[in-house]
Structures are given as structure tokens and as C-alpha cells.
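Please keep the sequence and the coordinates in view while reading.

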Amino acid sequence: MIPPDLVLEKFKSVLLVDDDDLVNSINTVMIDHAKFAKKVIAKTSVTEAVSFLQKSCKREEFPEMIFLDLNMPYEDGWDFMDELKKIDHNPQTKVVMLTSCISTKDEKRAKSMEEIVAYVPKPLSPELLHQIHLKHSV
């Protein structure tokens with residue numbers, strides 16, 4: 001349980017990348033409830049997310065944290081990571097990979113990528129957000 005008197009500095013912005021609108025809505029509520037970030041942006045495809053990030057670079061508004069679904073149709077979380085490497089972005093940006101099926105192969109691959117700071121099951125919870133914040137706040 002998170003102590004009620006514990007106030008953490010919020011991230012400025014968080015990007016959710018998940019093809020499921022309901023999951024994005026639930027995760028947005030969790031992030032807001034946990035006071036994890038001032039702003040939450042949700043995108044439902046790799047293409048939408050990459051386009052958003054390219055525009056964010058130009059405005060110097062790149063999100064500090066990205067919650068990335070691994071399993072999406074057409075392009076998946078690994079495709080997103082390939083595209084992220086091509087974008088001139090803030091190297092301080094952290095990626096948390098979210099998945100509904102835990103695979104040791106995927107987990108090992110995620111741990112080999114320095115941008116990915118966590119590999120966790122969906123959905124987010126206040127306790128999980130608290131742990132992520134404590135370990136990875138910028």
C-alpha cells in the first residue's frame with residue numbers, strides 16, 4: 001500500500017501506446033489516480049505514436065515515460081522500439097513494456113534494451129506506478 005502522505009514529483013508527460021482503447025482508458029485513470037504524470041497522451045498504433053513523437057521532438061515536448069504494449073496488430077512493441085531509435089529524442093525517456101502474456105523470451109529481449117526499464121503485466125496499478133516512479137523518475 002502506498003502511504004497517503006507520500007507526494008512524489010509528477011512526470012511532465014507520459015505516452016501510452018496500446019491498440020485497445022479500453023486499456024488506454026484504464027491506464028490513464030490509474031496514472032491520474034496515482035498522480036504519476038501531469039499529462040497523459042494515448043495512441044492506439046505504432047504509426048500514430050511515432051508520428052506524435054516526431055512532432056514532439058520538434059516542439060521539445062518529448063514524454064519522459066512511455067508505456068508500450070508489446071502485442072499489437074500490424075506493428076508491435078518491437079517495431080515501435082526500432083522506430084524510436086530512429087527519432088532524435090531525449091535519451092532520458094524511459095520505456096515500460098506492458099504485456100498480457102509473459103514470455104521469458106520477450107522479457108529477456110526487453111532486458112537487453114537499455115531504453116526499456118521494466119517489463120510488466122497489464123493493467124497498471126497504483127502500486128506498480130509507485131514502484132516505477134521511485135526507480136525511474138528523471
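Is Y74 buried or exposed? Y74 is exposed, with a relative accessible area of 84%; here exposed means over 50% relative accessible area, buried under 20% and partly exposed in between, for a 1.4 Å probe and protein chains only. The model is a predicted one, in which local features need pLDDT of at least 70 and side-chain atom pairs count only at pLDDT 80 or more, while totals for chains, interfaces and linings use all residues. Residues are numbered from 1 along each chain as its sequence is written, and side-chain values use heavy atoms, with hydrogens and water left out.

Y74 is found in the loop between strand 3 (65-69) and helix 3; helices (H or I, at least four residues) and strands (E, at least two) are DSSP runs numbered from the N terminus. Although Y74 is not a glycine, its phi is positive, at about 70 degrees. K35, also not a glycine, has a positive phi near 55 degrees. K35 is placed in the loop between helix 1 (21-33) and strand 2 (37-43) and is exposed, with a relative accessible area of 54%. A further backbone feature is the cis peptide bond from K122 to P123, with omega near -15 degrees; P123 lies in the loop between strand 5 (116-121) and helix 5 (126-136).

The aromatic residues come next. The structure holds two aromatic pairs, where rings of Phe, Tyr and Trp (its six-membered ring) pair if their centres lie within 6.5 Å, and planes under 30 degrees apart count as stacked, over 60 as edge-to-face and the rest as tilted. The ring centres of F11 and F36 are 4.8 Å apart and the planes stand at 35 degrees, so this pair is tilted. Because F11 lies in strand 1 and F36 in the loop between helix 1 and strand 2, the pair ties together parts that are 25 residues apart in sequence. F36 is buried, with a relative accessible area of 2%. The rings of F36 and F67 are also tilted, because their centres are 5.8 Å apart and their planes at 55 degrees.

Helix 3 (residues 77-86) has G77, W78, F80, M81 and L84 as its buried residues. Seen down the helix axis, these fall within an arc of 155 degrees, so they line one face of helix 3; the arc is that of the directions from the axis to the C-beta atoms.
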